[in-house]
Structure formats: structure tokens, C-alpha cells
Amino acid sequence: MRVTELLRDPPAPPGPFRPGFWRSPLRGPWMTTVLGSLLLLGVTVVAVTGLLSHAAYEPGLGANAIVPAGRDLPLTFTWPTSPAWLYALDQGLHVNVGLVTIPLLLAKLWSVIPRLFAWPPVASAAEGLERLGIALLVGSALFEFATGVVNMQNWYPFSFNFVVAHYYGAIVFIASILLHVAIKLPVMRRAWRERDGLAPLRASLAQTVPEPPDEHGLVAAQPAAPTISRRGLLGLVGVGSATLLVSNVGESIGGPLRGTALLAPRRTSGPGPNGFPVNKTARAARITPAMTGDAWRLRLAAGSRSVVLSRADLLALELRTEELPIACVEGWSTSQHWEGVPLIALARMVGGDRTSHVLVRSLQKSGVLRRATLTRNQYADDRALLALRVNGADLSPDHGYPARIIVPALPGVHTTKWVSDLRFGA
Ligand SMILES: Nc1nc2c(c(=O)[nH]1)N[C@H]1C(S)=C(S)[C@@H](COP(=O)(O)O)O[C@H]1N2
Ligand SMILES: [Mo]
């Protein structure tokens, strides 16, 4: 070969870049289309529930603005308080469908792996753009799944803010998957049509043969003999998904099923009326007995009016008991019987019951969760409480003694514990 030719058309490096390297007889446009379509269903649920979850944070409001103002999508709408399990359902779907989708994502990546080693890497400008899109898609998908799983484990091994990073990653992921689907739609339609829909799943192992050669290079140039049928491959993915689901879904449903969630963090605070998951303990939040003892006061304010109440004052008010869930972004949820003063009654004491929101502050000195903003429909719901007791006992220090916020369908992150201040504002 002449030097000029070599320069124009360099030979592929050895190993995975050579056409004969990838030998599975199952790879091909049809297999990738089936895996891709299932994956698309899963990520659609995950994306929609994720965006709804972001909106449920009321990100446009002061203390809730996790993503810097002006850099957020206009996703703020009034998140309802009914049904009370709405946020638990949304976040439970987000996390559990996300988990179930992981084996599908891995299988889909396996099915296209020869393309990731295509040689030459870029043959034209148009292909270069498409491959850049794929790099963003694969990168953002891996980032979203990895940060999501780590967050479910209540583990933050990185220095960036999870919510902000996961949200921006989602925007890149959604944009690049829409582009990818638009580009691949013709290939997917042809694969469905030419191979008669799901017909290839009927083939036994003995009947399993490679798909006809394709121009994309997914079908192996030198296929090996099959060791599993196509339905066997899908079955394997299904078993992986089912295993992940069974090992986690109990923490989302709560109650007695919690014990079945083998891969979920334990988080429990022992037996008794306060025996349900704790996210951050009083000790971790640096809440000391001196701060929550007899000297503790709740301060209510609206405009220039303010009222200061002790825990005894609060207990002497008309109390209400409601069964309501805490549903955390990490995917767990738990329903308990809370007893406390309706937030709307506290608002009335300072004439703040018409204001558009309330800023809740905690005794906690640092961390983003030391305060939260609730919208009017949230604090004005009859069932929205400043809870003082749970399941017939005083709140334990870890669950927010002397007082915490409990509101139907409120993201768990806003059920502020160790409350010190409620400021009703315009
Ligand atoms: N002050 C304060 N309140 C807080 C938190 C916190 O870290 N600090 N964590 C929140 C989160 S993320 C959740 S899910 C719930 C969990 O409540 P629990 O620990 O009583 O189960 O409390 C919320 N209230
Ligand atoms: Mo949470």
C-alpha cells in the first residue's frame, strides 16, 4: 500500500476496532430496535416523573430555588395536595422504573457496542454530528443512572449538588434522546416491518440465526454460534429488572413490605411509635437537647405582626390527627398518624392566612434543608400540620421534636424538622 493511501485510509487498529472482533449472532438492527423501544418506554416514565418531581419542589420560590434563578426551566405550577400519596407515587415510579431500566440500558449498549468502536471514527461531517449526539446521550444516560442510584443509597460521594447536577444532566439526556430517536426512527420502522414485528422471538436456540448484513455494522461479520436465543436474552434482561425491582420497591410502598427491600438503606429508628425511617438524625443536624428543651419557642410572623409560642401553648390549641406519608426524593415513603396544629390556624393567629406562601425555618444552622417555602394551597390545606406528636407519642428527636411540618403530597425534603419559625409572606 502506498504511503498516501495509508494516510487517506489508515487501517483499523487491532482488537475491538476490527470488523471480525464482535461475534455475537444476536446483534443487529432488529435486536437493537426491540431493546431500544423498551428502553424508550422506561426512560419516558422516568423523565416525566422526574420533571414533575422537580416541579413539586416549587423551584421558583425563594428557599426552594435549588437551581439558580434564571437557569431553570419554567416548570413551576401549583403542586396539588390531593391525593396525599401523589408525590410518593411520582417519586416511587421515578426511582423504581429507573432501576428496572438499568438492565435494559446495559443490554442496549451491549447491542450497539461495535458502533462505539467504528473505524474510521468519523467519516463525514454529518456523521461527526450524529456521533457527538451519541456521546452526549451515552454520557448523560450513564451520569443520570449513576447519580440516581447513588442518591437512592443516601450516599453523596461527590462535591457537586446532586439536585442541580441530576437536573442539568436530565436536560442533556432528554434533548439528546429526542434527537437520537428522530434520527433512528426510519431504521427502527424498517427493522419492525422487515422482521415481522416480534416474530424473531419465536425462534428457539437451534433456530437462532444472525440478521441479514446491515449497512450500520451491527450484524457480526464473522458470527459465532449462538449460546442463547433472542427471547432468552430478553428473558435474562427481564430477570435482572425484576430482581432490582423486588429488592427495592418495598421501601417505596412502605409498611410491612419495607423489610423486603434488601438493597435499600435501612434508615430505621427502631421499634415503637417513632419506629420509621429517619433521613437525617438530630445529631447529624447538630440539634442539641438544649435547643429543643423548655426554652424552645415557635415564632410566627406576617408583616409586622408576630406571636411567640411554647410547646405547651401549642399543645393547648385545637389539635388534629391525620394519616399522611413522608415521601423522599430517594424513593422511600412511609405513612404515619401525625397530631399537631393545622398550619392555617397558626397563619390566622398573625393574620397571614391570605399570603401566597410561608417560609419555614429550622433550628438547624447549616445545610440547604434548614428551610423551605410552602405555597398557599399547601399551608391552607386542612390536613397540613405543624406536627407535635406521631402515632400517639411525642415526636422523637430524630423525627423533628419539638415540631415539624407535615403536608399532604409535599415532597419529603420540605417536611422541615425542628421548626423554629413560620413567616407568612406575600
Ligand atoms: N431541618 C431538617 N428537616 C428535614 C431534613 C433535614 O435534613 N433537616 N430532611 C428532610 C428530608 S430530605 C426528608 S425525606 C424528611 C425525612 O423525615 P424523617 O427523617 O422524619 O423520616 O425530613 C425532611 N426534613
Ligand atoms: Mo428526602
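## The loop at Trp-418

In this predicted model, Trp-418 belongs to the loop that runs between S9 and strand S10 (419-425). Helices (H or I, at least four residues) and strands (E, at least two) are DSSP runs, numbered from the N terminus. Although Trp-418 is not a glycine, its phi is positive, at about 55°. Is Trp-418 buried or exposed? Trp-418 counts as buried, at 2% relative accessibility; buried means under 20% relative accessible area, exposed over 50%, and partly exposed in between, with a 1.4 Å probe and protein chains only.

Asp-196 has a positive phi too, of about 60°, and is not a glycine. Asp-196 lies in the loop between helix H6 (162-194) and helix H7 (230-246). With 56% relative accessibility, Asp-196 counts as exposed.

## Around ligand 1

Let us turn to the ligand. There are 18 residues around ligand 1, and Pro-277, Gln-364, His-399, Arg-404 and Lys-417 come nearest; a residue is near a molecule or strand if one of its heavy atoms lies within 4 Å of it. By class, this shell holds 8 nonpolar, 7 polar and 3 charged residues. Here Ala, Val, Leu, Ile, Met, Phe, Trp, Tyr, Cys and Pro count as nonpolar, Asp, Glu, Lys and Arg as charged, and the others, Gly among them, as polar.

Which polar side-chain atom lies 2.6 Å from an oxygen atom of ligand 1? That atom belongs to Lys-417. A polar side-chain atom of His-399 lies 2.7 Å from an oxygen atom of the ligand, and a polar backbone atom of Pro-277 is 2.6 Å from an oxygen atom of ligand 1. A polar contact is a pair of N or O atoms within 3.5 Å; within protein, one must be able to donate a hydrogen and the other to accept it, and residues adjacent in sequence count only if both atoms are side-chain atoms. Taken alone, ligand 1 exposes 530 Å², and the protein buries 98% of that (Shrake-Rupley method, 1.4 Å probe; for residues, only the protein chains shown count as cover).

## Cis peptide bonds

Two prolines deserve a look. The peptide bond between Trp-119 and Pro-120 is cis, with omega about -5°, and Pro-120 sits in the loop between helix H4 (113-116) and helix H5 (125-152). Tyr-401 and Pro-402 are also joined by a cis peptide bond, with omega near 10°. Pro-402 is placed in the loop between strand S8 (393-394) and strand S9 (404-406).

Thr-33 is part of helix H2 (residues 29-56). A polar atom of the Thr-33 side chain lies 2.6 Å from the backbone oxygen of Pro-29. Thr-33 is buried, with a relative accessible area of 4%.

In helix H6 we find Phe-162, buried with a relative accessible area of 10%. Phe-162 and Val-150 are 12 residues apart in sequence, and their C-alpha atoms are 9.7 Å apart in space.

## The whole protein

The protein has 12 helices and 10 strands. Its C-alpha atoms fill a box of roughly 90 × 45 × 35 Å, taken along the principal axes. Of its 426 residues, 46% count as buried.

## Conventions

Residues are numbered from 1 along each chain as its sequence is written, while chains are lettered from A and ligands numbered from 1 in the order in which they are written. In this predicted model, local features need pLDDT of at least 70, side-chain atom pairs count only at pLDDT 80 or more, and totals for chains, interfaces and linings use all residues, while side-chain values use heavy atoms, with hydrogens and water left out.
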